Amino acid sequence: MTEHAVVIAGSGPTGLMLAGELALAGIDVAIVERRANQDVAGMRAGGLHSRTLEILDQRGVADRFVSQGTVHHGALGFSMIPLDHSDFPTRYNYVLGLWQSHIERILAEWAHELGVPIHYGSEVTGFVQDERGVNVQVSDGKSLRAQYLVGCDGGRSTIRKTAGIEFPGADPTTSNLIAEVELAVEPPEWGIRRDALGIHSLGKLEDGRRVRVLVTEQDVKRTNEPTLRDLSEALIAVYGSDYGVHSPASISRFTDATRQAARYRERRVLLAGDAAHIHPPDGGQGVQLGMQDAVNLGWKLAQVVKGISPDTLLDSYHAERHPVTARVLRATMASVALRRADDRTKALRDTVTELLAMNEPRKRFAGLLSGLDVHYDLGEGHPLLGRRMPDLDIVTATGPTRVYTLLHRARPVLLDLNDPGIGNAITPWRDRVQITNARYDGTWELPVIGAVAAPTAVLIRPDGYVAWVGDLTQAGLADALTTWFGSPNAA
Ligand SMILES: Cc1cc2nc3c(=O)[nH]c(=O)nc-3n(C[C@H](O)[C@H](O)[C@H](O)COP(=O)(O)OP(=O)(O)OC[C@H]3O[C@@H](n4cnc5c(N)ncnc54)[C@H](O)[C@@H]3O)c2cc1C
């Protein structure tokens, strides 16, 4: 039986990101993927948002995505009400247009460079946990042994079901088809149409031949494998014609079902991405949430596998990611409610549009949907605590650099900005935490919150969130180091 420290089921964006994080930390990780290769069937995500680009920047690979995508300012939206966030203090104050097929290809190349084996064409069919690990059953009849198994296997997750983790939430009320096709007859109208059923749109693609169709179906279908006939029927029901629809390059169905796993962990089995939460694609959140789950979990799992931290550290993964995602799911449900075109929904939509034109609500929603406002509850204190570290331009002994460059190796960083006593305080953790002395003369500004007081030191977790903020006293530093990076004599 082949052994790995961690086995991941699924090589979607979540599984690939997690594998990269674990490999960077030196963990023996393998992915089992049902698909024969990395090709993405149907249309899925169309872009990356600010915080997702930042986490890629923290690993030094954001440019690989940016160079292949298109920058769209003002493209963030709540229920298609545009939210400009170009005034946010981030290097990525835009949405990067990039299809999921490219996102996955680039992530897979990165995972490959880091030496992660991906077993395509095989499926995890079940598993059995014991005290020391997990026996993972794979479709080719072989088994794998792992210390931990992570289900990144999408919304219908076998891992979640086998672990007996409940998946409470809202059943679907509406069903949409999204497709790339050709039409024999030019439709009389292009663009968005709203009616009592929901939202529909017809748009020409760049080649002038193919058409992107979004149409709300009459009924909520239970199957996920839509046909050309389904598309034709849905078009006729809305437009009175299917315009001779033919030659589909892709047809996908999505509903507004919204569910979240009750627990992200069942002993040695964890869930991430769509396996842990599903929701309609409104606001383009799925890939972002999944990749951010992966970055929250990766370094924690690595430390537990290495014996640096107790396995209770893994409980902080659920404690941090579950509430953050629940808030996003609530927003996507609200967004779906605003899709309808009856008079009262239209009045509500106009009201929300008016509110979102005001500065404060705009910032709040842009913060939520860009992922830049994520706040993990690490207790009371400086506003930076539990929030993302800004990517400051700093000067170190070796010259100018950026804070995110210090995070490329996915190791914790203690940034000493002017705190003479801190070197001694960190001594027992020096093997695990890299200490960097730096100068920074600029302002400290956080998205949504605005300017905050300059700290004298900051302890940054490998996922880029601030675990401790210094004010020349080092009060609480040893506790924070122990909580996040193990006891002084752990390594
Ligand atoms: C029409 C549509 C539009 C969307 N638009 C956006 C958007 O604009 N922005 C956005 O962020 N998100 C969007 N999403 C959502 C996004 O596609 C998903 O949230 C994202 O793919 C989730 O990534 P994941 O890795 O968690 O899961 P998945 O991408 O579903 O990957 C799961 C992987 O696990 C594999 N697998 C499943 N079962 C097993 C098994 N038992 N063993 C081994 N492998 C298995 C699957 O083959 C798959 O490769 C959209 C989705 C749809 C359908």
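A residue is called buried when its relative accessible area is under 20%, exposed when that area is over 50%, and partly exposed in between, using a 1.4 Å probe and protein chains only. By that rule T436 is buried, with a relative accessible area of 11%. Before we look around it, a word on the model: it is predicted, so local features need pLDDT of at least 70 and side-chain atom pairs count only at pLDDT 80 or more, while totals for chains, interfaces and linings use all residues. Residues are numbered from 1 along each chain as its sequence is written, and side-chain values use heavy atoms, with hydrogens and water left out.

Let's start from T436, which sits in strand β25. Helices (H or I, at least four residues) and strands (E, at least two) are DSSP runs, numbered from the N terminus. Beyond its neighbours within four places in sequence, T436 is in contact (heavy atoms within 4.5 Å) with T396, L406, V413, L414, L415 and D416.

Now widen the view. Strand β25 (residues 434-439) runs parallel to β24 (residues 413-416), and four bridges join them. Here L414 stands opposite I435 in β25. Two strands pair if DSSP finds at least two bridges between them. Six strands form an open sheet with mixed pairing, in the order β23-β22-β25-β24-β28-β29. At its edges are β23 (399-402) and β29 (466-470), each pairing on one side only.

A helix joins the picture too. Helix α13 (residues 477-485) packs on the sheet, where it touches β24, β28 (457-460) and β29, and its direction makes about 15° with that of β28. For such angles, axes are lines fitted to C-alpha atoms, for helices over the stretch in contact, and angles run from 0 to 180 degrees between N-to-C directions.

In the loop between β29 and α13 you will find L472. Its backbone deserves a look: phi of L472 is near 80°, a positive value in a residue other than glycine. Most residues other than glycine have a negative phi.

Although Y243 is not a glycine, it has a positive phi of about 50°. Like T436, which is buried, Y243 is buried, with a relative accessible area of 6%.
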